[in-house]
Structures are given as structure tokens and as C-alpha cells.
Amino acid sequence: MKLKKLTALLLSTVMTASLLIGCGGNASETGSEAAASSETSAEASAEAGDVSEKTEYAEDEIIDFTMFTAMPGAEINDGNEIQEIIAKKTGVRVKETWLTGQTDAEAIGTIIAGGEYPDFINGGDSMMPLYDAGALVAWDEYIEKYPNIKEMYSDAEWENFRQDDGHIYWANVFQNKYGEDKTTTHNDEAFWIQVRVLEWAGYPQIETLDDYFKVLEDYAAANPTMEDGTPNIPYTILCEDWRYFCIENAGQFLDGYPNDGSVIVDVDNMKVVDYNTTETTKRYFTKLNEEYQKGMIDPEFATQTYDEYIAKLSTGAVLGMCDQWWDFAYTVNDVFVQQGLDEKGCNYVPLGLTIDAGMDQMWHTYGDTLNASNGIAVTTSCEDVEAAFKFLNDCLDQEIHDLRFWGVEGVDYEVDENGLYYRTEEQRVKAADTEYQASHLCTYSYFPQWLGTSKDGINAMTPTEQPSEFQANMAEPLVNCFKAYGADTYVDMIGSVVKETGPWFPMYSYSNNMTTETPGGVAWTKMGEVKHEWLPKVVMASDFESTWSEYMSVYESINPQDFLAEMQTELERRASLGQ
Amino acid sequence: MARNTKTNAPAVKITWKEVKRQKFLLFWAAVFVIYGVIFYYLPLGGWIMAFQNYKPKDGFLHSKFVGFDKFIFLFQDDTFLKVLRNTLGMGILNLVSTFIMAIVFAILLNEVRSKIGKKAVQTISYLPHFLSWIIVTGILHDALSTSGIVNEVLMKLNIIDKEVNFFAHPGFFWPIVAFANCWKETGWNAIIYLAAITSIDPCLYEAASIDGAGRWAKIRYITLPGIKPTIMILLLMNVGNVLNAGFEVQYLLGNGLIKSVSDTIDIYVLTWGISQNDYSLGTAAGIFKSVVSIILIVIANYMAKRAGEERLF
Amino acid sequence: MKKKKSSIADKIFVACNTLFMIAFVVITLYPVLNTLAISFNDGIDAVRGGIYLVPRKFTLENYQTVLGKQNMMTGAYITLLRTIIGTVFALVSNALLAFIVSRKRFLFKSQLSLFWVITMYVNGGMIPVFLLYRNLHLTGTFWVYVVPGAVSAFNMLVLRTYMQGLPDSLEESAQLDGAGYWTVFSKIISPLCKPVYATVALFVAVYQWNSWFDAMLYNRMKSEYTTLQYELMKLLSSVMQQSGSAANAAAAGATASAVTPVSVRAAATIATMLPIICLYPFLQRYFVAGLTIGGVKE
């Protein structure tokens, strides 16, 4: 009796099990048809030459690669139209997956532990563990073999990517300009101000922090509210989580230094300087405190979340703030256009402020910012390394590059009689549509790419940098403002000096990778924690001097000198590489 | 099956006869033990990481041993002691408030006479469970902002004369977190108690009515004792959870100003361990939490046993 | 006299209770309605905030974005499958385990309970668990959704508590009739446990329905085993939260602006909430109405 029941139970378990296996089997068949084709095509591709030979790869010759990027990103659909075109032309199709709900370190940690890698990988800030684990393929011979790859960087720049075993394992794909610089936006940090404020004030020269707040104060006094009655907020500061750089690092810029991120590099003495304790930084916070007491600064600045900050900016009521362009502009400018606020002069323009008048400043750094601490790599799990590198090379082929960033001619953009690319209004709208992006556009955004001028010498590498595209999106008040200051672009507007940065730049690429294994890394994390807590307090303090000295004593107690010492060593190492 | 018989003697004597009689139970118990060992106990081998300077490339076998260094790092760090205090504080506050709210809600809902009303309220009550923390905290942040509804109401009632920025005062943070937890989970947590209430024999209520017992008396003498075992079990389980005060709520609601009261162990681990590739430190903190939890439930279980109450084991 | 007094007290009680319930409903319904309103609002417009119960700029686009995402159908299918199979599997195994440890005569009652209680508070960490599943060949299969979660101490204890509350005489009298443990479990105890089975089934089903982390971790490259929530998480993962590095965010922001509007987030939430909420009324009848325990009374 009992046995019978038991058998019945077992039987039913087995049945459920087989049902499951059945399902699983079916699903995996449908999913892996693409994978199956990859092996057969391996040899075919090895002989295949340059893209410009215009060979068309048949479906069974196309190799399917996988790519994992340790950054969040938008997935594109299978069968994406441009992806298919690129596959036909290059013989390679890449399935990209992105970071979801984990930190890059966690994701890379599990991938390493598992020992199975995607064919391509970008580990974000966790490239070193991948290298340590022996998961990456050395680039050296392929750099020599593939001209487009080699062309990405000068020999000196490639040196920066060399690891301690003497090989190169990855290359950063961003911030790399081909030919003439076409940069129109200032992607980095600045004190931003609405054009309506400048217009009202008669487009004055604003050089210092004091000038800046003076204009904001005057405008706010004369115009306490917007047209629709929303009270103007003269100045706000975002302090949420890692975005507290908006309050934190203005000190280095105000002193005229570029964005090394974690330290100032004193070029004359080749010494790292801690900008947190400089006189300029103290004056900057004194000013913020003063303005806070006057009610010029948003009282909720210290507790607002990023969403709230963006919502606030989107109403057009915030006259100015210190931030980096990418952190607000993409979202906020869309809202401005939709609400017609751009016509009312709510757009932000960057100001290159310094602490005293008459100083040079480097808020904008021209040329390339080379962050050698991360990039794209080919892994040891890749079965056709040759094809992988060939694909990296093909990515930089102008035809493929145009497909990635401009799209299909006649569909996504038009060409005028001078060979200049442009988009119609309809095409612009379509390019911004997420569904269209998923089904049609394929930028392979973490694969090698160029900024600057196209190899045809006429166009920009990407639409965002095409002057005609840039101007097409500007509202009247913004155009007037640029005209008044004699600027064509945001870059002209901020007016930084054109000065070559040293081979060590940017120092943050080193501090970003510090770990708690060294005393410097421990100090670095603690410095962040302390500043995150104290800087808002300092701004809100009723007695600035005593709060500042309290902050300084806490700051000193966590040994920032450990951090500085390690940065100094790295600076010297990098400086010697450059020679 | 014979190997099982070695363990010390429970109330029923271990005899061959008894073993034979219970062979069905013993067989399945063994299956479950094997399953448990594989899926829960085997991965604990990973705890070795806490005593190593774990590097993914070296794996568990070749990473360098550092002894108790990671634990020493934790306990010498003032910040860790602070986050430990915060975790305990918020953990206790959350558990007590969500626990009591769920029971009160379940009992009161049981007293709703209208069948439709009861079903409707219950269905609605557990909806917030399905909202992610990012949505719930977003709404909470809105409501408590200086221009939010809470300030507006308090101003209208003349309780305050100037808007309060609730998130700037360290004193408000723990209660806000506890409220958020209750808000999201009360209806959901009440489900267990509602199920337990159904096991109470309706005859008992009828008999009590005949004796003239009012609602309060019925709740006190019938409903509460009826669900007491469930309450005890959940209480005991929750005692072991005081160090799991959470991560997301504090992370999403906190800000620099009140960091000193809002950071929890989990946030600390993220800052120091995971985002720095220091797996060992995170594991050490995890072991610490496990040890504390187990000690707490063993004590609580012992006390429950002494008091003759329901217990975990 | 006495009777009347108590009925006044009862009336006050009912009034207060009704008020409490209304307040409770209002306060818990609000976030859901708010999410609903935002989900029907234009994405760019929603960034400005200030939407409460009615959408300001009505659109269905957010739902189109969510439902139009590729792999959503595969995700929905796998999610449904894992919810059904996972729930049945977990319910049977938890119930059987709870049955074993709730037997008064069982030889290792206390030890087996302790063995499982401990599992609630210890955790080997992500990497060791990953390695284990890989060595068991669970990664890259559907099984990884079902097998590891088959027994959970929490659910087992909830079931055990309920079973312990049932009269012992039920078991004894059945055994006198010659029934074995399996019969006692399946024919006598289980029918009486419907409310608690419904509770645990709900817990497991909701857990299965909402899972995505396992899909991401163990089936990252296997899009045929993706789950609904994982697809949505991919849609929602934005440049915001996770990455602590301004340098990376800058690079990403410059190329692909992947920030998902709040409105899509809201639509995704509502879209996944709905099906699992529909399950509730079916289970609810088991624990709203009181159930009389049949059979032998002590």
C-alpha cells in the first residue's frame, strides 16, 4: 500500500521532470540556432579581407559573438536592421548584454568565478580583476596587423594601456577624436546659467564666482517668479550619492586646473595637491554659505534626490547650478522643448568661472581625455580571436562607422550636393524613438569609435557633433546669447584656454581603481564619506568658521596624506611614461 | 538510515521498531537533509573568503590567507560601529512596528462583518507589496518634502509654523524608515495571520457570544490565543532578522546630511566591499551577521522553551 | 442591561474599525493609483513631477514600450512556467518536510528543525553559490529557477506551525485504521491545511513571479530562459543608481542616453502586478472565510 503511494509520487515527480526537460529542450533549440552557425563560418572569415572590398557575407558565414558591458545600457532587438547590414558587411554579429541591477564589480566577480566569458567584455572599473584572472587576450600583434585599431591612439597613448606584463589588453573607445575637433557641447562640469538671466542683465562678462552670484541675486530680486508664477530658485546643488561631485570639486576648476578629479596636479613642481583644503575651496564654500544664509540657495538642496533635482530643473525655475552636462542636459532639454521653455530662455549655458578675475581656466579640456583604466577587451573564451579583432578594426571603417552612428543613407539621414549629411525633422524624431532605436539602429556603443571629423573631411563622425544638426536644435534666446558672446558652440561659450594636458591626465583614472588593500585606498573612500556628509553641513552652517574647522579636523583624522602619497607615486610613474 | 540513529535521544526512544515504523518519515527527512546540505551548507565553504584576501583569479584555493584581518578591520573602524548601531536601531524599530501592525490589521480585518468589504480591503492592503522600493520611496519623498502634503497639513493645523525638512533631521529618519516598511508590508504580512485565524473553531466564538462576551473579549480570549503559535514562530524568526534592517530604503531615502544615522551594514559592505572588489570584507560582515542572528535565535528559542511556548526547534 | 451595554461598545468598535479600514485603504491605495496615473502620462512630461491621481498628459505609449519589448513573450512564458512548476514543487516539498517535523513521535524533530532554521540566517555569498550551481549543471537551464528554491525554512515553519495546531487524534485514529504516514499526510492533514497551503502557495508564486536576479546571474546569455521581470529590469536599468563612477557615466551619457523615464517604470510595474494580483481572489476564499476543521475533535 505504502509502496504503491510512494511509487505514485515518484512517478509523478519524474513526469513533471520530463515535462520540464521537454520544455527546456525546445526552448534551447530555438535559441541556439544562431550559435550553431558560428563554428562553420570561422574559417571563412579568417581569409576575408577589408570591408571596403564589399564582400557580402551569407547568413551561414556570419559569426555570432557575445559582448558584456559592465554598464547599464539599452538592449537592441534580435534582427535589428542595421545590425544585420553590418553583419552582412563584416561577417560578424554581436549580441550585447548589459549590467542589470548589480555593480560592475559584482557582475565581473561572478563571471570570473564561473570562468566562462563572453567574446568581448568591457568590465567598467573592474578591468584589473579580468586581467589578473588571465581572461583577456593580448592586443599587441593585432594592433600592428589592423591599421584602424592602431590608428586609434598614438604610440605614447598605447603605452598607457600597457599592463605590468608588458602587453596591452584593452582600449578605451570613448573621447577619441579623428581629425578636426567638432565638439559643440561642453560635456563636462561648469557653473551653468539660464540664458534669460544673461539676457536680462545685458550679457555681462562673468568671470568670477562673485560675479556669478551677483547676477543671480540681481535677477532673482527683480524677477522673484517666472511668468507663470513659479518662484525662481536662484541656485541649487545636487548632493545625492556619487553625484555629490556637483558640490565637491568646483575648487579645482576655480583655481584654474583641469578635471583631474581627485587631486590638482601642480605642473611646476610636479606635485599632487589636495584641492579639498586649498584656500580657494574654502573661499568657494564661504561664498556658498553666504548665499545660503541670504536665501539664494534652494533650502532643500542637501536632501533632494536626483529625480527631484531633474524635476526642479525641468520646471525652468532654477537659474543656475554647478553640474556636468551629461548629468542633466539630455533629459532637461527635452522637457524644455516640449514645454516651450527653451523659447523663454530657460536653456543653460556654461560659464568658466575662476575664484579671482583674470585667471586662465581649464573647465573644458580640448583634445582627448584618455582614461586607460577601462575599455573593450577580447576574452580567452573567444574561439575566433582573429575574427574578433578584425571586427574591432571594421568598426572603425568609415562606412561601418556611418552606419552605426548616422544610420542608413536616405532612411536615417540625407546627403546634400556638397556631401554634407543632414537629417530632416522627421528623421530626427525617429532617431530619438526608443522602439525605433531597438529595432533599427545599432550603434554598438561600447565598440571602438571616433569623435571629430569623418574621413570624408566634411562631416562629423556623429550627428550630435554635426554643426547643422546642432544649430537646428537651438531656440531663439540661446542663439541670441551665443551671438552676444561671439560664440558658436558651448565650448566657445565657456572659453577655456587651449592648453595640452600632461600625460598623467586624468588622475581620476587611477583613484577610481584604488582598493581598500592600500592605506591610500582606505583614505580615499573615507575622504569621500566625510566630504559627502560635511560639505552640505558647511554650506548650511550658521557659524561657518567653526563648522569649517570642525570639518577640517575630521578630515585630517582620516589620513588624506596616505591617499596623496599614492597619487604622487602614480603621477611620477605616468609622467615618466610620457617622456 | 542507520547513521541517523546515532544522534541523541528525543522524547521517543530510538528503537529498531520505531525506526521501522517511521521509515517513511526518516527516508524523506534524509532526502531533505541531503538537499539542504547541498544547497545551503555547501556554499558556506565560501566563508573561507573572510579569512583570505580573496582574488577571483586565485579562487578559494590559492588566495592568500590573512587570518582575522578582515574582522579586525571591521571592528576597529568607527564607521562600522556606527552602522552596526544604525542597523540594530532600525532593525528593531522595523520589526516591532511591522510585526505589531500586521497582527493588529489581521485581527481588525477579521472583525469586519461585510464579506465584500473584507475581501476588498484585504486585496487593496497587499498591493503596495508589489511596488518596488524606488517607487514607494519616491512617493514618500514627495509627501515629506517642504512643499509636500505632510507639511501642508501640519501648517494648516497650526502644528508647525515653518515647513520642516524631514530628511535633514537625523531624528526623523528611523521612524520614517519604519513607517515606509509598515506602509509597504502590513497587508502582505497579515496574510499569515489571516490564514491562522481561519483555523480557529467558529464554535468558540458562538459559545462566547452566548456567554455575552463583547468583541474585545472575543479578540482577547479567542482570536489572540488562537494565533499565538503563529505569532510566536514569526517573532522568533524575526529576532534573528534584526541585523537585516535592509539596504534599499536607507539608500534611497538617505542623504549626506544624515549619513551618520542612515547607513546600515549592507550599505557599508557595498561601499567598502563590493564597490572596491573586496569580496572578503563583505563575507566577513556576512559571517558576523549570521553568527549574531544564530546566537539571538538560540537564546530566544531557549526562553520560549522555558516559558512553555511554541518554539523554532 | 448588560447585553445592551456591550452592544453599544460593539457599535463604537465597529465604527472605529470601519474608520481605521477606510484610512488604511486610502493610504495603501494611494501609491498604487499614483503609479497608475504616472504610467498613463507622457514620459517627458512626467519628469516634471507633480502628478498625483490623474495623468496630466494622457498616453498609452509607456505600455507600448513595455509590452513591445523584445523577448517579453518568452519572458512571460518562462515566468508563467516557473511560477506554476515552482509553486507546485515548493508547496509539495515544504509541506512534506513540515509534515515530518510536525510529527510528535518523529525521532529527529528538533534536530531537523534546527538544521533548517539555520539556513535562514546563513548565506555562502554569491560566488560560492554560483560555482555550486555551475558544478551541478544548473546554470543555463530552466531548473535553476525551481530546484534551489524548493525548500525554504520560512515557508516550512509557517506550514509546521499550522500542522502542529491540528489535533493529534486525527493522526492516531487514522493509524489505528492502518493508514501509513503517506495516507495521513495526503488524505488527512493536507485537506485541513488548505488555508496555509494557499498562503504558502501565494508566497512562492509571488516570489517566482517577481524573480529576475537568478535569470540574470545564471542565464545571462540564454535569452530563451529569460523572465518577465528580468526583461523589465533591463528596460529599467538606467545610468542612474548603480555605477558610482562619474567618468563612466559621462562616457555612457555621451553615447547612449539610457535613462528610462519614470513613466515607463510605472507602466512596467503595473503590467507585472496585474496578472499576479488576479491570482489572489482564487486563493483568498481559503483564508477569508472561516474553515471548520472536520473529523475528530479533541
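This report describes the chains, helices and contacts of a predicted model.

## Basis of the model

Residues are numbered from 1 along each chain as its sequence is written, and chains are lettered from A and ligands numbered from 1 in the order in which they are written. Because the model is predicted, local features need pLDDT of at least 70 and side-chain atom pairs count only at pLDDT 80 or more, while totals for chains, interfaces and linings use all residues.

## Chain C

Chain C contains 14 helices and zero strands; helices (H or I, at least four residues) and strands (E, at least two) are DSSP runs, numbered from the N terminus. Of the 298 residues in chain C, 53% are buried. A residue is buried if 20 or more other C-beta atoms, placed from the backbone, lie within 10 Å of its own.

Contacts in chain C were also sorted by sequence separation: 72% of those between residues at least 6 apart join residues at least 24 apart. Two residues are in contact if their C-beta atoms, placed from the backbone, lie within 7 Å.

Chain B is assigned domain 1 (1-41) and domain 2 (69-306), with bounds from an automatic or database domain assignment. The centres of these domains of chain B, taken over C-alpha atoms, are 37 Å apart.

Helix α4 (residues 69-76) of chain B packs against helix α15 (residues 279-306) of chain B at an angle of about 70°, with 9 Å between their axes. The axes are lines fitted to C-alpha atoms over the stretch in contact, and angles run from 0 to 180 degrees between N-to-C directions. α4(B) is therefore roughly perpendicular to α15(B), a term for angles of 65 to 115 degrees. B:Lys70, B:Phe71, B:Phe73 and B:Leu74 of α4(B) meet B:Ser280, B:Leu281, B:Ala284 and B:Ala285 of α15(B).

## The nonpolar core

The largest nonpolar core has 318 residues, and B:Tyr193 and C:Ile100 touch the most other members. Such a core is a set of buried Ala, Val, Leu, Ile, Met, Phe, Trp, Tyr and Cys residues joined through C-beta atoms within 7 Å. Helix α9 (residues 170-197) of chain B supplies the largest share of this core, 14 residues.

Leaving aside residues up to four places away in sequence, C:Ile100 touches B:Leu25, B:Trp28, B:Ala29, C:Phe106 and C:Leu112.

## Contact between chains B and C

The contact takes 72 residues from chain B and 75 residues from chain C. On the side of chain B that touches chain C, α2(B) gives the largest share, 10 residues.

Terms used:
A residue is buried if 20 or more other C-beta atoms lie within 10 Å of its own, exposed if 12 or fewer, and partly exposed in between; C-beta atoms are placed from the backbone. Angles under 35 degrees count as roughly parallel, over 145 as roughly antiparallel, 65 to 115 as roughly perpendicular and the rest as oblique.
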